[in-house]
Amino acid sequence: MPLSFKEFLKFKKLEIKNESTLVGNDTDVRKLLQEFVEFGSFPIVVLDEEKRKALLNYYDDAVNRDLIKRYKIRKSERLRSLLKFYFGNISSPITFASSGESLSMSAETTERFSNYMETAYLAFFLKRFSYKFKEQEKSPRKVYAIDTGVANSIGFRFSPNFGRLAENVVFLELKRKMYDNPFLEIYYWKSLAHEEVDFVVKEDTKVKELIQVCWNVDDMNTKKRETKALLKAMDEFKLKKGLIITEDYEGEEKVDGKKIEYVTLRRWLLGL
């Protein structure tokens, strides 16, 4: 895994131990968070002045060594095209069939290449929560990159989307927690009416947390959509509290006896 935000700040000679040190250094933390999200946090990239070049070199090395050579892939341009497609669609639901179709590849080849990517820690695929195993396997999966800097440099896109990048950052932090806790599982949730919650955190047999990433809650339509989905999922899982991670907004709202907490990404990543 690349560096966590706490580790990233230490590389930048800044250590946030508590609330008061965050408040005292908030301007620097905001600026560094933007770098963290835009360029990712592979140590060699964090320390390099020419970040884009370092990212491209890292990516080429990883693809050549961990995918093409390891799995003896002959049509490597297809694999590279698929990876570029995934990195251009981070935090979005995909199916192997539709992804392959857009690149003139069979669903079987697409799934095989995707499994290679996940084994090599380049891309991850998040399943939809369902009590039925078959439904989990058949539903679209959300795709995430091992590093937002790599996705930003390689993925085909017209403009930066900090909301999607922030969601990818949250996914990676939850992934780190899974390595520390073998009973932890993460999914996304979607209702029959297509309302969606970004992350369902399940521990052992119980769903313990619902997390929505809403970068800009100033847009009232976006906020309404995100909170509506969160409240519906809270009903389904019988939870009294839900979390929305934002760029700058913090606060609390109570709706029908349920509590929605808003916390900034930087504060959540620092565990404050």
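**Cavity, pockets, bridges and cores**

Modeller: The largest cavity holds about 70 Å³ of space. This is a predicted model, where local features need pLDDT of at least 70, side-chain atom pairs count only at pLDDT 80 or more, and totals for chains, interfaces and linings use all residues. Residues are numbered from 1 along each chain as its sequence is written, and side-chain values use heavy atoms, with hydrogens and water left out.

Biologist: What counts as a cavity, and what as a pocket?

Modeller: Both come from a 1 Å grid over the protein atoms alone. A cavity is a set of points where a 1.4 Å probe fits but cannot get out. A pocket is an open set with protein on both sides within 12 Å along at least five of seven lines. Lining residues have an atom within 4 Å of a point. Grid points are joined across faces, edges and corners, and a volume is the space filled by probe spheres set on the points.

Biologist: How many cavities of 30 Å³ or more are there?

Modeller: The structure holds 1.

Biologist: Which residues line the largest cavity?

Modeller: P2, L3, F36, G40, S41, D147, T148, V169, L172 and R176. Helix 11 gives the largest share, 3 residues. Helices (H or I, at least four residues) and strands (E, at least two) are DSSP runs, numbered from the N terminus. By class, this lining has 5 nonpolar, 3 polar and 2 charged residues. Nonpolar covers Ala, Val, Leu, Ile, Met, Phe, Trp, Tyr, Cys and Pro; charged covers Asp, Glu, Lys and Arg; the others, Gly among them, are polar.

Biologist: On to pockets. What volume does the largest pocket have?

Modeller: About 460 Å³. It is lined by 21 residues, and E167, D198, V213, R225 and E226 lie nearest its centre.

Biologist: Which elements build that lining?

Modeller: Helix 11 (162-180), strand 5 (196-203), strand 6 (206-213) and helix 12 (220-237) each supply at least two residues. Helix 12 gives the largest share, with 4 residues. The lining of the largest pocket splits into 5 nonpolar, 7 polar and 9 charged residues.

Biologist: And what about the second largest pocket?

Modeller: Its volume is about 250 Å³. Among its lining residues are R128, Y131, W189, K232 and E236. Strand 4 (184-190) and helix 12 are the elements giving two or more residues to that lining. By class, the lining of the second largest pocket has 4 nonpolar, 2 polar and 6 charged residues.

Biologist: K232 lines that pocket. What does K232 form a salt bridge with?

Modeller: K232 pairs with E195, the closest N and O atoms being 3.1 Å apart. K232 lies in helix 12 and E195 in the loop between strand 4 and strand 5, so the pair ties together parts 37 residues apart in sequence. A salt bridge here is a side-chain nitrogen of Lys or Arg within 4 Å of a carboxyl oxygen of Asp or Glu.

Biologist: Is E195 buried or exposed?

Modeller: E195 counts as buried, at 12% relative accessibility. K232 is partly exposed, at 38%. Buried means under 20% relative accessible area, exposed over 50%, partly exposed in between (1.4 Å probe, protein chains only).

Biologist: Which residue does D235 bridge to?

Modeller: D235 bridges to K258, with the closest N and O atoms 2.8 Å apart. D235 lies in helix 12 and K258 in strand 9 (residues 258-264), so this pair ties together parts 23 residues apart in sequence. D235 is partly exposed at 48%, while K258 is buried at 12%.

Biologist: How many salt bridges in total?

Modeller: The count comes to 26. R141 and E137 form one of them, the closest N and O atoms being 3.0 Å apart. D26, R30, D248 and R266 are linked in a network of salt bridges.

Biologist: Last topic. Which residues touch the most other members of the largest nonpolar core?

Modeller: L265 and W268, in a core of 71 residues. Such a core is a set of buried Ala, Val, Leu, Ile, Met, Phe, Trp, Tyr and Cys residues joined through side-chain atoms within 4.5 Å. Leaving aside neighbours within four places in sequence, the contacts of L265 (heavy atoms within 4.5 Å) include L33, V37, A166, V169 and W215. A second, separate core has 19 residues, including A229, L231, M234 and F237.
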